[in-house]
Amino acid sequence: EYMGDSHQHFWDLENHSDWYEWINGLNENEVIKKSYLPEQFLKDTNGIENIKSIHVQAADGPIISKSPFLETKWLIDLKLKTGYPNGIVAFVDLSSQNAKNDLEEHIKIAGDILKGVR
């Protein structure tokens with residue numbers, strides 16, 4: 001049996017700070033203004049066995065607008081290294097003429113790890 005967090009975010013401010021305009025706009029002493037990766041997630045879940053996580057798109061800003069697959073590629077790499085996240089909800093602008101192609105590209109990158117889009 002599994003317990004899961006169905007909406008959580010990982011971010012790496014040391015390597016990808018330009019992906020997160022919403023974090024960069026915060027005051028320097030905000031608790032959230034630091035990287036949050038699987039190691040911290042596991043500490044925060046306090047040793048719950050078989051914990052699963054669904055990462056929901058956290059990246060924003062111009063660089064992600066230009067290359068909307070960067071976060072999905074990074075998350076798959078993170079999963080290969082750490083086992084997390086167990087699922088991904090990626091960003092696709094469903095009103096865009098490119099929506100179908102963007103969705104297909106996310107599927108190509110993430111396979112069955114892709115659980116949805118927003």
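Lys 108 is exposed, with 66% relative accessible area; here exposed means over 50% relative accessible area, buried under 20%, and partly exposed in between, with a 1.4 Å probe and protein chains only. The model is predicted, so local features need pLDDT of at least 70 and side-chain atom pairs pLDDT 80 or more, while totals for chains, interfaces and linings use all residues. Residues are numbered from 1 along each chain as its sequence is written, and side-chain values use heavy atoms, with hydrogens and water left out.

**Salt bridges**

Side chains of opposite charge can pair when their charged atoms come close. A salt bridge is counted when a side-chain nitrogen of Lys or Arg lies within 4 Å of a carboxyl oxygen of Asp or Glu. The structure holds 5 salt bridges, and the table gives some of them.

| Lys 33 | Glu 28 | 3.0 Å |

Lys 108 and Glu 105 are 3 residues apart in helix H6, which puts about one helical turn between them. Helices are DSSP runs of H or I with at least four residues, strands are runs of E with at least two, and both are numbered from the N terminus.

In the bridge between Lys 33 and Glu 28, the lysine is buried, with a relative accessible area of 18%. Glu 28 is exposed at 64%.

Contact means heavy atoms within 4.5 Å. Leaving aside residues up to four places away in sequence, Glu 71 touches Trp 19, Tyr 20, His 55, Gln 57, Ala 58 and Ala 59.

**Aromatic pairs**

A pair of aromatic rings is described by the distance of the centres and the angle of the planes. Rings of Phe, Tyr and Trp (its six-membered ring) pair if their centres lie within 6.5 Å; planes under 30 degrees apart are stacked, over 60 edge-to-face, and the rest tilted. By this rule there are 7 aromatic pairs.

In one of them, Phe 10 and Phe 41 have ring centres 6.0 Å apart and planes at 90°, so the pair is edge-to-face. This pair links distant parts of the chain, 31 residues apart: Phe 10 lies in the loop between strand S1 (3-8) and helix H1 (13-16), and Phe 41 lies in helix H3 (residues 38-44). Phe 10 is buried at 0% relative accessible area, and Phe 41 is buried at 3%.

Trp 19 and Tyr 20 form a tilted pair, with 6.3 Å from centre to centre and 50° between the planes. Trp 19 is buried at 5% relative accessibility, and Tyr 20 is buried at 0%. Both residues are among the contacts of Glu 71.

Ring pairs also link Phe 10, Trp 11, Trp 22, Tyr 36, Phe 41 and Tyr 84 into a cluster.
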